[in-house]
Amino acid sequence: MSGRRSIAARIPADRWKEVKNQTDGALSLCSIALNLEDDVSRLLAQGKPRQARALVEGWTRESPASPDFPHRLGAIYHRCGQMAKARQAFRRSIELGNARLGVFRDLAETYGGFAGTYGKGFDRARVAEVLREAVDKCADKREARFALAEALTRGDDGAPDWKSPKVRDAIAIYEDLSREDPRDIRPLLAAGECYFATGDYPKSDATFTRAFELDRFDTQALAGKWVCAAFLGRLDQCVDAIRSHFSDNAMRVGELQRVIGKLLNHRRYEEA
């Protein structure tokens, strides 16, 4: 009760009723959204996307100021392959104040992907445009920059295009993110992969080493160091590191085969 009194004390008496009505309205809308989510998920699981869409469309008309319903509606349109309507719904959600990264990701996926993956028809320019907007508008700007950098490494088919000059832009973002939070290992791992894929093995080696110093048990940092050692002609060092890391001989052989396979595949990629 003391907590309630302290909160109430901060609200002017002449505004108490107004604030209470606003709070009750927000709680009611939250309850509706949760129940709606359950109903929509059930209908989609039953293979009834049209009924799910009709349900959300009805609530969108009932609560035209809520950004959540257009976002959910856009996801259903996307699932049904109606990209133009999906984009319109996501845009409406953003216009109503939805500043979550998820709505920008969902909008970006309508330009060449589904359920978090990019593929055939990927439009890097449009995807990058949406994610740059996310960097400006969304609440989690750091994660938005991660998403933008990852998209910049992809080509027209959605697969990584390491020969694109946009990869350098992605590396610059990762390096900035690492400088801003030196304890975050993720931008180092991503930059290390980019340096490696573009053939800058010394920088890749140095970047994976920095990541390894942050977390000596991170498997991606370890693998990056081993592969870079092999590519830089330090195969003996690579073999010794793998031998000391794994106690099981079969695991040692398997990891060494993976490293050598990556070396050969990348050489073929460079020659293509």
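**Helix packing in the predicted model**

The protein contains 14 helices and two strands. The model is predicted, and the values reported below are computed from it. Of the 272 residues of the protein, 40% count as buried. Among contacts between residues at least 6 apart in sequence, 50% join residues at least 24 apart.

The description of individual elements begins with helix 3, which spans residues 49-62. This helix comprises 14 residues, and the separation of its first and last C-alpha atoms is 20 Å, close to the 20 Å expected at 1.5 Å a residue. Its buried residues are Ala52, Arg53, Val56, Gly58 and Thr60.

Helix 6, formed by residues 101-109, includes Phe104. The relative accessible area of Phe104 is 0%, and the residue is therefore classed as buried, the cut-off being under 20%. With neighbours within four places in sequence left aside, the contacts of Phe104 are Ile94, Asn98, Val130, Leu131, Glu133, Ala134, Lys137 and Cys138. Phe104 is also separated by 31 residues in sequence from Val135, and the C-alpha atoms of these two residues are 9.6 Å apart in space.

Val135 belongs to helix 7, which runs over residues 124-137. When residues up to four places away in sequence are not counted, Val135 touches Lys141, Ala144, Arg145 and Leu148. A further C-alpha separation, of 9.3 Å, is found between Val135 and Ala147, which are 12 residues apart along the chain.

Leu148 has a relative accessibility of 7% and so counts as buried. Beyond its neighbours within four places in sequence, Leu148 is in contact with Ala128, Leu131, Arg132, Val135 and Ile173. Between Leu148 and Ala170 the C-alpha distance is 7.7 Å, at a sequence separation of 22 residues.

Packed helices are considered next in terms of their axes. Two packed helices are described by the angle between their axes and the distance between the axes. For helix 8 and helix 9, the latter covering residues 166-180, the axes come within 8 Å and cross at roughly 155°. Helix 8 is therefore roughly antiparallel to helix 9, and the crossing of the two is left-handed. On the side of helix 8, the contact is made by Arg142, Arg145, Phe146, Leu148, Ala149, Glu150 and Leu152. Helix 9 contributes Lys166, Val167, Asp169, Ala170, Ile173, Tyr174, Asp176, Leu177 and Glu180. By residue class, this contact divides into nine nonpolar and seven charged residues, with no polar ones.

Helix 9 itself has 15 residues and reaches 22 Å from its first C-alpha to its last, close to the 21 Å expected at 1.5 Å a residue. The buried residues of helix 9 are Val167, Ala170, Ile171, Ile173, Tyr174, Glu175, Leu177 and Ser178. These buried residues pack against helix 8, helix 10 (186-197) and helix 11.

Helix 11, residues 201-214, in turn packs with helix 12, residues 219-231; their axes come within 8 Å and cross at roughly 150°. Helix 11 and helix 12 are therefore roughly antiparallel to each other. Their crossing is left-handed. The residues of helix 11 that make the contact are Tyr201, Ser204, Asp205, Phe208, Thr209, Ala211 and Phe212. Those of helix 12 are Gln220, Ala221, Leu222, Gly224, Lys225, Cys228 and Phe231. Eight nonpolar, four polar and two charged residues form the contact of helix 11 with helix 12.

Apart from residues up to four places away in sequence, Lys225 touches Asp205, Phe208, Thr209 and Phe212. The C-alpha atoms of Lys225 and Asp205 are 5.8 Å apart in space, and the two residues are 20 apart in sequence.

Methods:
Residues numbered from 1 in each chain as written. Predicted model: local features only at pLDDT ≥ 70, side-chain atom pairs only at ≥ 80, totals over all residues. Heavy atoms only, no water. Axes fitted to C-alpha atoms, helices over the stretch in contact; angles between N-to-C directions. Helix = DSSP H or I, 4+ residues; strand = E, 2+ residues; numbered from the N terminus. Parallel < 35°, antiparallel > 145°, perpendicular 65-115°, else oblique. Left-handed = near helix turned anticlockwise from the far one by under 90°. Contact = heavy atoms within 4.5 Å. Nonpolar A, V, L, I, M, F, W, Y, C, P; charged D, E, K, R; others polar. Expected span 1.5 Å × (residues − 1). Buried < 20%, exposed > 50% of the residue type's maximum accessible area, 1.4 Å probe, protein only.
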